[in-house]
Amino acid sequence: MFSLIFILPLCLAHLSAYQEPEEAFSELWLNHTVPGEVDQLGDLTVFRYGPSTNDKWVIWGHDIYGVDSGRTKEYCEKMNTDLGVTCILPDFFRGAEGKPDPIPVWDGQLSLDWEERLVPYLEAGGAQSVGVVGTCFGSYIAIQTSASGASFMKGGVSIHPAHPGLMESASEDEAETYAMIESPQFFMDTPDSAESVRKGGLASTVIATTYFDEFEDPCNHGFFNRGDLTDPAVEECVSRAMDHLVEFMTDYVLN
C-alpha cells in the first residue's frame with residue numbers, strides 16, 4: 001500500500017517532462033462539426049461514433065493535445081461511416097486544455113480507466129472484435145490495451161508513436177509489454193520515431209505479427225491528424241496512412 005503511494009507520483013513527475021519533437025506539427029484546433037454522442041463512465045468522458053451496441057469497435061487513443069486535437073474526431077467518425085464499427089474516443093486527459101501536467105500513466109489512472117470503465121462498457125455494448133489506433137501519446141494506449149489480455153482485442157495501429165519514450169519515463173519495460181501482445185500491430189513511423197518501433201527493431205522481434213511504414217520529412221511527428229493538408233506531400237502521407245489504417249482494421253477487426 002505504502003509503496004504505491006510513493007512510487008506512483010514519481011512516475012507521474014517523470015512524465016510531466018514529455019516534450020514533442022522540435023520538428024513536430026504544432027497544435028491544431030478546428031471547429032468540430034462531428035461531436036459524436038457522449039457517454040459518461042464515471043469521470044471518464046467517451047465520445048462515441050456509431051451505435052451503442054455493436055460487435056465490432058475501434059478505440060481511438062488521442063494525441064498529447066487531447067480529444068479536440070486536429071482531425072481526431074473527424075477520423076473517429078470516419079471509422080464508423082467507412083467501416084461500420086462503433087468508434088470511441090475516451091478523454092483520458094479529463095478535459096485538460098492542451099498537454100496535462102502530469103501526464104497519466106498506465107500504472108494508475110489509465111489502467112483503472114481500462115479495467116473498470118472501458119472493458120465493462122465494451123462488453124455491455126456487445127464487443128467481440130476491437131481494434132485500437134493511437135497517435136503520438138495515443139500509441140501508449142494502443143500498446144497497453146493490446147497487452148492487457150482482453151480477449152476481444154484484435155489489433156493495434158500506432159501512428160507517429162510516442163510510447164517508447166513515455167514507457168521509459170514511467171520505468172515500464174517495453175520488451176515485457178510487447179511480449180504480452182498477441183494481436184497484430186502496425187507502426188507508422190516518422191523521423192523522430194524510436195528504433196524499437198522500426199522494422200527490425202524490438203517490436204518486430206517480440207510481437208508475432210507486425211507491419212511498418214516509414215514517413216519522411218515533411219511528414220513529421222503529428223502529420224496524420226495535425227499536418228497541413230494544403231501541402232501536397234503531407235496530404236499524400238495522410239492519405240497513405242489512412243489507407244493503411246482502413247485496410248488493417250478491415251483485415252483484423254471486420255474479418
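## Disulfides in this model

A disulfide here is a pair of cysteine sulfur atoms within 2.5 Å. This is a predicted model, where local features need pLDDT of at least 70, side-chain atom pairs count only at pLDDT 80 or more, and totals for chains, interfaces and linings use all residues. Residues are numbered from 1 along each chain as its sequence is written, and side-chain values use heavy atoms, with hydrogens and water left out.

Searching the whole structure turns up two disulfides. With the bonded cysteines numbered in sequence order, they pair up 1-2, 3-4.

## Cys219 and Cys237

The sulfur atoms of Cys219 and Cys237 sit 2.0 Å apart in a disulfide. Its S-S torsion is about 90°, so this one is right-handed. Cys219 lies in the loop between β8 (210-214) and α8 (223-226) while Cys237 is in helix α9 (residues 232-254), so the bond ties together parts 18 residues apart in sequence. (Helices are DSSP runs of H or I, at least four residues; strands are E runs of at least two, both numbered from the N terminus.)

Cys219 counts as buried at 1% relative accessibility, and Cys237 does too at 6%. Buried means under 20% relative accessible area, with a 1.4 Å probe and protein chains only.

## Cys76 and Cys87

Cys76 is joined to Cys87 with an S to S distance of 2.2 Å. The pair links Cys76 in helix α2 (residues 72-83) to Cys87 in strand β4 (residues 86-90), 11 residues apart. At -105° about the S-S bond, this link is left-handed. Both Cys76 and Cys87 are buried.

## The rest of the chain

The protein chain has nine helices and eight strands, and 54% of its 255 residues are buried.

Key. Buried < 20%, exposed > 50% of the residue type's maximum accessible area, 1.4 Å probe, protein only.
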